[in-house]
Amino acid sequence: MEVMKAAERRQRTMGDVLHLEVGQPSTSAPAKVRETALDALASNRLGYTEATGIPALRDRIARHYRDAYDLDIPPDRITVTVGASGGFVLATLAAFDVGDRVAITQPGYAAYRNILDALDVTVVPIPVGPDTRFNPTARLLDAAGPLDGLVVASPANPTGTVLRQNEMTALADYSTARGLRMISDEIYHGITYGVAAPTAAASSGSAIVVQSFSKYYSMTGWRLGWLVLPDDLVDPVERLAQNLFISPPTLSQIAAVSAFDCAEELDGNVARYSTNRDLLMSALRSSGIDKLAPAEGAFYVYADVSHLTDNSQELCRTWLETLGVAATPGIDFDPVDGHKYVRFSYAESTEDIAEAASRLIGWSQRVGRRRRHLADG
Ligand SMILES: Cc1ncc(COP(=O)(O)O)c(C=O)c1O
């Protein structure tokens with residue numbers, strides 16, 4: 001947030017900021033979704049809906065699981081939510097009690113740590129690194145002591161790492177065998193580069209899947225997501241949803257039914273992310289920033305910058321001030337080792353990413369020259 005504020009200040013005064021700090025698509029919702037919303041606006045009263053979402057959307061999501069994963073999920077097990085964020089609150093309240101110990105990866109998405117904390121669930125950080133492709137493993141979980149739950153994200157924010165089918169199955173089996181409730185954040189499904197992202201719904205009858213229209217469907221501000229629930233949590237989540245939210249946003253729900261018919265437009269966004277990803281990763285490597293997390297999915301590169309600084313917040317400030325390139329310091333995702341990392345988002349236009357890439361390369365050349373100059377005395 002500090003970087004975003006500083007970036008906005010610079011945008012106002014100098015107007016040249018390249019936004020590699022953002023965590024959302026740079027595109028609007030697909031055309032067909034916007035059309036459906038306009039029709040609904042003109043013809044629908046847009047009152048409250050069922051707390052778990054309109055049947056048409058729950059049916060359409062169930063069909064999506066058949067089409068995309070060859071999986072039969074009854075619509076009863078699907079609850080439409082106020083984004084993945086609202087879904088995660090419902091899932092946490094339904095699955096855990098105060099004081100339960102829930103493992104999350106470090107680095108990981110900061111809001112999950114903060115939501116668990118706010119609901120008095122004990123957060124158990126699992127430090128993950130390049131040796132396990134930033135994924136949790138049975139060995140790492142064993143070392144964490146007794147656990148009641150586990151949150152996994154694949155593709156993950158900030159690392160972009162994707163759990164393979166055997167890894168997802170191993171974590172699901174581990175959780176089942178030890179009575180842990182697994183929450184699988186699948187918000188970046190649809191945005192992968194040459195690898196498949198398996199759903200936990202196929203590996204576990206007790207896992208909760210958190211999904212959203214925010215990322216692949218490019219609908220962040222529509223505040224809409226969904227949960228795939230195990231049978232025993234369907235009723236508790238409905239009660240919680242009725243009391244906490246009444247219903248998810250009606251206009252968004254009606255429009256979102258069309259989102260599943262927009263693959264061409266949405267896959268076009270993913271193709272652009274893929275081009276941007278190649279550009280950015282190659283520029284970072286030529287700038288000597290070559291210890292990069294896998295970046296197999298989502299739209300982030302998580303880069304180890306420990307050879308440049310022991311304070312990535314300071315480095316991000318320097319890049320913003322001298323280059324007009326905004327990136328996010330790793331401490332947002334990892335309070336312990338995050339000062340060694342920076343997260344770059346490549347969701348903006350290819351022109352912007354190419355320009356940022358060239359400014360970063362120019363910077364590293366200038367720094368290299370200065371270092372050589374100093375070394376030569
Ligand atoms: C991993 C992850 N989960 C959840 C969210 C929140 O998503 P939503 O907009 O659906 O609430 C984000 C947003 O950046 C995210 O990166």
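Me: In which helix is the place of Leu-244?

Reply: This is a predicted model. In this model, Leu-244 has its place in the helix that covers residues 234–244. That element is helix 8.

Me: Is Leu-244 buried, partly exposed or exposed?

Reply: A residue counts as buried under 20% relative accessible area and as exposed over 50%, with partly exposed in between. Leu-244 has a relative accessible area of 44%, so Leu-244 is partly exposed.

Me: What is the area of the nonpolar surface patch that includes Leu-244?

Reply: Leu-244 makes this patch together with Leu-93 and Phe-245.

Me: How many salt bridges does the structure hold?

Reply: Side chains of opposite charge can pair when their charged atoms come close. For a salt bridge, a side-chain nitrogen of Lys or Arg must be within 4 Å of a carboxyl oxygen of Asp or Glu. The number of salt bridges in the structure is 16.

Me: How many residues apart in sequence are the parts that Arg-133 and Glu-167 tie together?

Reply: The side chains of Arg-133 and Glu-167 meet in a salt bridge, at 2.8 Å from N to O. Arg-133 lies in the loop between strand 4 and helix 6, while Glu-167 lies in helix 7, so the pair ties together parts whose separation in sequence is 34 residues.

Me: Which residues are linked with Arg-10 in a network of salt bridges?

Reply: Asp-16 forms a salt bridge with Arg-10, and their closest N and O atoms are 2.7 Å apart. Glu-355 forms a salt bridge with Arg-359, with 2.9 Å between the closest N and O atoms. The residues linked with Arg-10 in the network are Asp-16, Glu-355 and Arg-359.

Me: About how many helical turns separate Glu-355 and Arg-359?

Reply: Both Glu-355 and Arg-359 are in helix 12, where they are 4 residues apart. Because of this spacing, the separation of Glu-355 and Arg-359 is about one helical turn.

Me: Which side chain of opposite charge is nearest to Arg-58?

Reply: Arg-58 lies in helix 3, which covers residues 55–69. Arg-58 is buried yet has no salt bridge. Leaving aside neighbours within four places in sequence, the contacts of Arg-58 include Thr-52, Pro-75 and Asp-76. At a distance of 4.7 Å, the nearest side chain of opposite charge is that of Asp-76.

Me: Which residues gather with Arg-372 in a patch of positive charge on the surface?

Reply: Arg-372 has its place in helix 12, which covers residues 350–375. With 51% relative accessibility, Arg-372 counts as exposed, because exposed means over 50%. The residues that gather with Arg-372 in the positive patch are Arg-366, Arg-369, Arg-370 and Arg-371.

Me: Is Ala-197 buried or exposed?

Reply: Ala-197 is found in the loop between strand 6 and strand 7. Not counting residues up to four places away in sequence, Ala-197 touches Tyr-69, Pro-155, Val-162, His-189 and Thr-192. The relative accessibility of Ala-197 is 16%, and the limit for buried is under 20%, so Ala-197 counts as buried.

Me: How far apart in space are Ala-197 and Gly-297, C-alpha to C-alpha?

Reply: In sequence, Ala-197 and Gly-297 are 100 residues apart. In space, the distance from C-alpha to C-alpha is 8.5 Å.

Technical notes: Residues are numbered from 1 along each chain as its sequence is written. This is a predicted model: local features need pLDDT of at least 70, side-chain atom pairs count only at pLDDT 80 or more; totals for chains, interfaces and linings use all residues. Side-chain values use heavy atoms; hydrogens and water are left out. Patches are made of residues with over 30% relative accessible area and no salt bridge: like charges are joined within 9 Å, nonpolar side chains (Val, Leu, Ile, Met, Phe, Trp, Tyr) within 5 Å. Accessible areas come from the Shrake-Rupley method with a 1.4 Å probe; for residues, only the protein chains shown count as cover. Lys and Arg count as positive and Asp and Glu as negative; His and the chain ends are not counted. The place of a charge is taken as NZ of Lys, CZ of Arg, CG of Asp or CD of Glu. Helices (H or I, at least four residues) and strands (E, at least two) are DSSP runs, numbered from the N terminus. Buried means under 20% relative accessible area, exposed over 50%, partly exposed in between (1.4 Å probe, protein chains only). Contact means heavy atoms within 4.5 Å.
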